[in-house]
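User: Please take a close look at the aromatic rings of this protein, and then follow them into the strands and helices. I would like one connected account with the cut-offs spelled out.

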Amino acid sequence: MDRNFVLFAVGIFLISIAMLCFQVALTYEFSFMFWVQVSITVISMAMFGLGVGSVIGYFIAKKKPEKYFSTLYYSSIAFGVSILLSLFLISHGSKISFSGLTPFLLYFSLASALPFVFSGIVLSVGLNYPGAEKKVISFIYFSDLVGAGIGSFLITFLLPFSSVEGVIIFCAILAIVAAPFFNRIDKKSSIALLSVVLIFVLLFSVFNSSFIPEPSKEKYLYKLKASGAKVLDTKWTAVSRVDVVREKENLIKFIVNGAYPVTASYGNVSAYGLENDPRYIMFLTQPKSMVAIGSGGGIEVRMALHAGVEKVTAVEINPFIIEHMKNELADFSGRVYYDTRVATIIEDGRTYVHRSTERYDLIENGVIGSVALVVPTQAVLTFQDAYVYTVEANKDWWRHLSPNGVALVLLYARMDDPYNVIDKERGVTYTLLRQYFTVKKALLEEGAKPEEHLVIFRFAEASSQTEYTFIFKEKVTPSLVKGLVDAAKKIEEEKNRAEKIYKFELLFAPHYDSSLNFEEISKTIPEHRSVSPAIDDKPFFYYTENSPPKELHQMLFLLGFLTFVFIVLPIMAERRLKFEYRASLYLLAYFLCLGVGYILIEAVLIQKLTLFLGRPAYAFQVVLFSMLVFSGIGSFFTGVLIPSNKEILRKTYLILAVTSLAIFACALLLPKLIYGYMHLSILKKVLLSIAFLAPLAVLMGMPFPTGLRITSSLSDKDVIWMYGINGAGSVIGAIVGILIAFSYGYSYSLFGGGIIYSLALITMLVVGTKI
């Protein structure tokens with residue numbers, strides 16, 4: 001293996017790192033700009049760009065082999081430049097208003113996909129190394145594989161030292177640095193290349209604001225900045241972006257991912273101010289121990305200490321918020337997190353309670369979906385998977401209560417939101433009904449009667465209300481209901497001294513005749529709406545439609561159209577709709593199944609493992625790493641295990657059958673992994689997730705190369721059709737998976753993936769009869 005080839009492999013390695021790191025960085029950026037679930041579409045956008053690039057690269061490699069190395073050289077530079085251009089376009093797009101959803105999707109899809117076109121050209125051309133033997137191709141593929149694996153996790157190590165935008169610039173520079181590894185250049189070219197890198201750094205330094213995306217206008221951070229609030233600090237973490245904002249004197253908020261406000265506790269708040277906050281009612285039963293989920297700015301922690309709670313476990317997923325509270329805001333907050341009665345846990349709240357061996361007098365779930373503070377729930381919360389509100393979450397709260405314990409779940413609702421409001425005067429919302437039926441189902445499954453343990457009331461003010469759901473471990477007594485009502489009425493009276501805008505209303509409680517009957521109200525809602533209990537397999541708490549969101553259908557149509565125009569149509573034009581062999585028509589269906597099925601399963605696994613790993617970013621990186629690396633290993637094994645084409649058809653049947661069964665087994669076993677090992681540390685869960693996914697990914701990596709070998713043995717000219725149709729399937733696979741999840745649940749999506757691979761097996765069996 002000569003020196004030039006080793007350098008070539010290093011170039012492929014660097015391109016793969018840059019490509020995967022950029023893809024992961026885009027998920028962070030989109031989570032901040034829009035919402036977390038939109039980040040999953042980055043997979044579709046990346047696959048679209050790679051598909052277009054692969055087709056272009058295939059044509060170049062076949063028709064202009066003499067320009068092989070120069071193509072790689074200039075494509076690498078173009079990849080780096082296009083990353084910078086993509087960031088600029090995304091940033092610019094975040095500051096303009098679009099006339100509708102279609103222009104919005106079209107703009108961000110093309111802006112995001114552009115760099116992947118050039119990386120797709122590099123990888124497609126690279127795998128056609130001149131005169132390469134199977135061993136050499138394997139080494140190139142291995143370089144791509146290792147680079148992709150490193151790129152999947154690299155951002156986690158870079159973010160402590162940089163912003164996401166800085167990481168993206170790093171990816172651009174890395175792509176340009178890779179160019180000389182593909183083609184020897186003279187001194188002048190080296191200077192020119194170095195100048196490009198320096199210009200990158202200079203542009204980013206001078207025009208920094210042009211490369212920093214803003215949150216959408218519907219997000220809370222945008223509203224705050226527009227009102228004149230001052231941003232004190234901004235920090236990207238492995239979890240999310242956090243902005244520290246001073247809204248006014250003595251009011252500082254952490255804004256998580258541009259949407260979720262977390263108010264920092266102010267140390268000089270009087271006892272009167274604490275006791276007349278409606279949340280203070282949670283301490284009516286005089287708890288001695290408490291878990292505050294999403295403790296953030298420490299307001300509930302301060303209340304608990306004032307109420308005499310002896311042990312407060314403050315659970316917060318974002319380490320930056322706690323660090324800032326303990327350092328920069330230590331004096332501002334009265335050093336609330338330094339109190340010896342407070343134990344701080346940096347972890348997802350659901351995960352912590354699930355693994356805890358203790359029982360608590362009070363569990364407060366204060367993650368109230370505050371994004372609804374400034375926009376209708378339909379606009380932003382539609383795609384939010386809320387694992388802290390599901391049936392399984394409420395069962396976790398119940399199981400970890402002491403004999404006289406109570407769990408409190410808070411929900412915030414805007415009463416000017418037509419999507420969520422059912423009866424404004426009586427304070428009935430779709431989320432309130434869903435909360436009732438979710439908790440009811442949880443209690444029934446735990447052997448408790450909801451009518452004996454559940455209390456729901458609301459505090460309304462102006463155009464909003466906070467909905468309080470209390471779950472008592474002991475049966476609720478008349479005296480307890482009276483105590484809650486008296487305490488709430490007292491707070492209402494005190495609040496209305498200044499301005500009569502506060503209203504307390506008891507909506508559901510034992511020993512209390514309410515004018516509301518949730519069961520009867522649920523029967524009056526439109527047929528296309530649903531308030532069925534939210535479960536972990538279908539955790540879209542805020543989405544109350546029976547059918548999937550129209551945005552997903554539009555996205556599917558748009559990406560499908562772009563795929564046809566930029567991937568399928570060029571192949572049709574070049575090949576003039578001709579196939580060299582009749583069986584190739586059936587092989588098209590085979591490769592379409594592989595494209596849709598593979599990406600569908602990858603996307604759904606990311607969503608499912610978000611609950612297990614506690615953070616969407618971790619789930620994205622773990623699944624991406626596992627699928628890339630081990631599918632690559634599976635692809636490599638096909639060359640070792642099936643050295644000749646004599647038995648390839650029969651062994652492809654076997655591979656597809658085993659893969660289909662493995663997918664079905666994954667769908668059945670994944671819940672056992674999630675609930676059986678959620679108590680482990682994050683490192684152990686990451687390693688366990690990789691170990692769980694590895695066998696499946698190895699199997700899923702085998703059908704594609706064996707199918708290509710079968711196609712090539714029939715007609716080498718028809719191979720490009722298979723690349724194109726597989727790429728088309730890959731583009732829409734992620735969205736198809738999420739559509740199924742909205743309708744039926746994530747497990748059904750995984751089973752759907754198994755069915756698609758089974759269809760691939762059937763298709764290949766038909767191919768076998770034609771050759």
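Analyst: The structure, which is a predicted model, holds 39 aromatic pairs; rings of Phe, Tyr and Trp (its six-membered ring) count as a pair if their centres lie within 6.5 Å, and the pair is called stacked with planes under 30 degrees apart, edge-to-face over 60 and tilted for the rest. Phe98 and Phe104 form one of these pairs, an edge-to-face arrangement with 5.8 Å from centre to centre and 80° between the planes. Phe98 is partly exposed because its relative accessible area is 26%, where buried means under 20%, exposed over 50% and partly exposed in between, with a 1.4 Å probe and protein chains only. Tyr389 and Tyr542 also form an edge-to-face pair, because their ring centres are 6.1 Å apart and their planes stand at 85°. This pair links distant parts of the chain, 153 residues apart: Tyr389 is in the loop between helix H13 (377-380) and helix H14 (391-399), and Tyr542 is in the loop between helix H18 (518-522) and helix H19 (550-575). Helices (H or I, at least four residues) and strands (E, at least two) are DSSP runs, numbered from the N terminus. Both Tyr389 and Tyr542 are buried.

As to the basis of these values, residues are numbered from 1 along each chain as its sequence is written, and local features need pLDDT of at least 70, side-chain atom pairs count only at pLDDT 80 or more, while totals for chains, interfaces and linings use all residues.

Arg335 lies over the face of Tyr338 at 4.4 Å from the ring centre, and Arg529 lies over the face of Tyr419 at 4.2 Å from the ring centre.

All 9 of the 9 residues of E13 are buried, so the strand is largely enclosed by the rest of the structure. In a regular strand the side chains alternate between the two faces of the sheet. Both faces of E13 are covered, with Ser464, Thr466, Tyr468, Phe470 and Phe472 buried on one side and Gln465, Glu467, Thr469 and Ile471 buried on the other. Strand E9 (residues 401-414) runs antiparallel to E13 and is joined to E13 by 9 bridges, where two strands pair if DSSP finds at least two bridges between them; Leu408 has Phe470 as its bridge partner in E13. Strand E12 (residues 454-461) is likewise antiparallel to E13, over 8 bridges, and the bridge partner of Leu454 in E13 is Ile471. The hairpin of E12 and E13 has 2 residues between the strands, and Ala462 takes a positive phi near 50° there.

These strands belong to an open sheet of 8 strands with mixed pairing, in the order E7-E6-E5-E8-E9-E13-E12-E14. Strand E7 (342-346) and strand E14 (502-508) are the edge strands, each pairing on one side only. The twist averages 15° from one strand to the next; axes are lines fitted to C-alpha atoms, for helices over the stretch in contact, and angles run from 0 to 180 degrees between N-to-C directions. Strand E5 (residues 289-293) and strand E8 (residues 360-365) pair in the parallel sense over 4 bridges, and Met290 stands opposite Leu362 in E8. Helix H10 (residues 299-306) packs on the sheet and touches E5, strand E6 (311-316), E7 and E8, with its direction at about 175° to that of E6. Helix H17 (residues 478-495) also packs on the sheet, touching E12, E13 and E14, and its direction makes about 160° with that of E14. Contact means heavy atoms within 4.5 Å.

Conventions
Heavy atoms only, no water. Lys NZ or Arg CZ within 6 Å of the ring centre and 35° of its normal.
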